[in-house]
Amino acid sequence: MTMAPLPRAELVQKPLQLYRYLLRCCKQLPTENIQQHYRHAIRQSFRVHADEDSPERIQQIIKRAIEDADWVMNKYTRQK
């Protein structure tokens with residue numbers, strides 16, 4: 001079992017909470033270029049899914065986004 005990239009990932013239930021959570025994760029990345037890259041990707045993904053209205057699909061997206069954030073954070077943590 002992997003740990004969440006930031007505490008309180010389990011509290012993320014709504015898209016806006018996810019958006020803020022992911023942006024906070026970006027602040028922990030090592031360089032400004034990497035932070036900008038992931039901030040841009042987060043914003044684009046948020047816009048793409050903005051019209052999503054299925055609660056089940058929204059929960060799937062939230063779960064996957066947190067898993068992806070965990071992978072990214074672990075990737076850059078191991079490189080140090």
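Figure 1. Q35 is situated in helix α2 of a model that is predicted. With a relative accessibility of 12%, Q35 counts as buried, because buried means under 20% relative accessible area. When its neighbours within four places in sequence are left aside, Q35 is in contact with C26, K27 and L29.

**Figure 2. Helix α2 and its buried face.** Helix α2 comprises 17 residues. From its first C-alpha to its last, α2 reaches 24 Å, which is close to the 24 Å expected at 1.5 Å a residue. The buried residues of α2 are I34, Q35, Y38, R39 and I42. Seen down the axis of α2, these buried residues fall within an arc of 130 degrees, so they line one face of the helix. Which elements do the buried residues of α2 pack against? They pack against α1 and α3. The exposed residues N33, R47 and V48 are carried on the face of α2 turned away from its buried side.

**Figure 3. Helix α3 and what covers its buried residues.** Helix α3 contains 24 residues. Its reach from first C-alpha to last is 35 Å, close to the 34 Å expected at 1.5 Å a residue. The buried residues of α3 are I58, I61, I62, A65, I66, A69, D70, V72, M73 and Y76. The cover over these buried residues includes α1 and α2.

Figure 4. A65 is found in helix α3. Is A65 buried or exposed? Its relative accessibility is 17%, so A65 counts as buried. Leaving aside its neighbours within four places in sequence, A65 is in contact with L18 and L22. A65 and L22 are 43 residues apart in sequence, while in space the two are 8.2 Å apart, C-alpha to C-alpha.

**Figure 5. The largest pocket and its lining.** The largest pocket holds about 570 Å³ of space. Its lining is formed by 26 residues, and those closest to the pocket centre are L18, L22, I42, S45 and A65. Helices α1 (15-26), α2 (32-48) and α3 (55-78) each supply at least two residues of this lining. Which helix gives the most to the lining of the largest pocket? That helix is α3, with 11 residues. By residue class, the lining of the largest pocket divides into 19 nonpolar, 3 polar and 4 charged residues.

**Figure 6. E10 in the segment before α1.** E10 has its place in the segment before α1. At 59% relative accessibility, E10 counts as exposed, because exposed means over 50% relative accessible area. How far apart in space are E10 and K63, C-alpha to C-alpha? Their distance in space is 9.4 Å, although E10 and K63 are 53 residues apart in sequence.

**Figure 7. The protein chain as a whole, for orientation.** The protein chain has 3 helices and 0 strands, and from the N terminus on its elements run α-α-α. Of the 80 residues of the protein chain, 34% count as buried. Among the contacts in the protein chain with a separation of 6 or more, 55% are accounted for by residues 24 or more positions apart.

Note on methods: Residues are numbered from 1 along each chain as its sequence is written. This is a predicted model: local features need pLDDT of at least 70, side-chain atom pairs count only at pLDDT 80 or more; totals for chains, interfaces and linings use all residues. Side-chain values use heavy atoms; hydrogens and water are left out. On a 1 Å grid over the protein atoms alone, a cavity is a set of points where a 1.4 Å probe fits but cannot get out, and a pocket is an open set with protein on both sides within 12 Å along at least five of seven lines; lining residues have an atom within 4 Å of a point. Grid points are joined across faces, edges and corners, and a volume is the space filled by probe spheres set on the points. Helices (H or I, at least four residues) and strands (E, at least two) are DSSP runs, numbered from the N terminus. Ala, Val, Leu, Ile, Met, Phe, Trp, Tyr, Cys and Pro count as nonpolar, Asp, Glu, Lys and Arg as charged, and the others, Gly among them, as polar. The expected span of a helix is 1.5 Å times one less than its number of residues. Buried means under 20% relative accessible area, exposed over 50%, partly exposed in between (1.4 Å probe, protein chains only). The arc is that of the directions from the helix axis to the C-beta atoms. Contact means heavy atoms within 4.5 Å.
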